Amino acid sequence: MKNILDPIKKIFKVKELKRKIFFTFFIFFVFRIFAHLPVPGTNPQALKTLFAQSQFLGLLDIFSGGTLANFSVMALGLNPYINSSIIFQLLTMIFPQLEELSKEGEAGRERINQYVRFLTVPLASLQALGMYALFKNQGIIGGLKPFPLIALVVTMTGGTLLLVWLGELISEYGVGNGISLLIFAGIVGRMPVSLGQTLVTVESQSIFNIFVFLILAILVISATVIIDEAVRKITVQYAKRIRGGKMYGGQATHLPLRINQAGVIPIIFAISLVLLPGILGRFLEQLPQPLIANLAKGIKDFFNPDGFFYHLIYFILIIGFTYFYTAITFNPQKIASEIQKYGGFIPGIRPGSPTAKFLNYILVRITLVGAIFLGIVALLPSLARILTGVTTMMIGGTGVLIVVSVVIETVKQLESMLIMREYEGFLK
């Protein structure tokens, strides 16, 4: 126990690290205050019922840091910023100008991040209008006149920008990635509520089910850590070169290919697409035309979140989006060109096109493992509910991936800070 706690004690012996940690917790405190500051005129009971019936809104609530379920001034959370970031990440792969800008170091990345912030404003305004229309139809909020509606949109957009600013403050003056940590804080902040609900509703015959659920949770977290850290190392040898009487190169290094290259992005894309038919079906089912209403009811029943075909399509979409996003973010041809440019080669593989084919060969196979893993993790909440009957402690597969990934990233950053000061870190 002493060896485990020693690195934690050493953190608080370093004045700079202690200041960063306290600053991060202070931002968490400010965030949670705004998360419980609701927009006036809402119906809390109707809001609670709506979120209990919609998995899509539950997913959005994860990325809002728990603020959407309260319909607070930060109800949109970081969703517009995340959407803007994904859009620019895709545009960087399409437009050479943005790709060149991303290669200009810190200045280029800051400029792209500025563009991301600019795009966040219209996206947040549109999402605020959409959220108002949805909640108005559900009777959660009453109809507003133009000026109060504009005030609502401006308030919710301002809440998103404030949340982005808080995240950037953490990144600059705190520990870890601020945006990821705020999402992490929102997910973890709801866990005591879920635990309390479980303890209140627990019965003597369900204690075993809760025990099974906890075992499954431990196994899932362990598997997530293993897959998130797993890489396929490809040896790259650099030829010796003599310049100005000095010898360069001659060393061997490794090109790490992560098994889970795409992170949680495929799950986000897949669940957004698979839930769309059900949402449209519920809307069209209320139309007076019997033919359209019956067709909409059939679509809604087919895409029932508890049905077999829903989970099958969901699983297939995750695998497809994993390959799609990996193909966008990792270009074997480009990597092969960079290796050849600096005089490197993979032993046994000719430089150029054969190297690109070899990298693609490896990438396709390890991506399959990562895609199947993401699919299983995404379906685990439903499987756990069927096996154990415990529904109050579900944070979802996406939430598990986010929590584990953020913890690993933050621990690594603390590890590097301690090593820089010649302290023994966390990782062995």
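What follows is a short chat about this structure.

Me: What kind of model is this, and how are residues numbered?
Reply: It is a predicted model: local features need pLDDT of at least 70, side-chain atom pairs count only at pLDDT 80 or more, and totals for chains, interfaces and linings use all residues. Residues are numbered from 1 along each chain as its sequence is written, and side-chain values use heavy atoms, with hydrogens and water left out.

Me: Sheet first. What's the strand order?
Reply: β4-β1-β5, an open sheet of three strands with antiparallel pairing. Strands are DSSP runs of E, at least two residues; helices are runs of H or I, at least four; both are numbered from the N terminus. Two strands pair if DSSP finds at least two bridges between them.

Me: Which strands are at the edges?
Reply: β4 (252-258) and β5 (344-345). Each has a single partner strand, so one side of each is left without a neighbour in the sheet.

Me: How many bridges join β1 to β4?
Reply: Seven. Lys-233 stands opposite Pro-256 in β4.

Me: And β1 with β5?
Reply: Two bridges, with β1 spanning residues 231-238. Gln-237 stands opposite Phe-345, and Tyr-238 stands opposite Gly-344.

Me: Now α15. Which residues are buried there?
Reply: Pro-332, Ala-336 and Ile-339, in a helix of residues 332-341. Buried means under 20% relative accessible area (1.4 Å probe, protein chains only).

Me: Where do they sit around the axis?
Reply: On the same side of α15, because they cover an arc of only 60°. The arc is taken from the directions from the helix axis to the C-beta atoms.

Me: What comes after α15?
Reply: Gly-343, with a positive phi near 75°.

Me: On to the cores. How many residues are in the largest nonpolar one?
Reply: 64, and Leu-78, Leu-166, Leu-182 and Tyr-314 have the most contacts inside it. Helix α16 (353-388) gives the most, nine residues. A nonpolar core is a set of buried Ala, Val, Leu, Ile, Met, Phe, Trp, Tyr and Cys residues joined through side-chain atoms within 4.5 Å.

Me: What lies apart from it?
Reply: Another core, of 17 residues, including Leu-47 and Met-131.

Terms used. Buried < 20%, exposed > 50% of the residue type's maximum accessible area, 1.4 Å probe, protein only.
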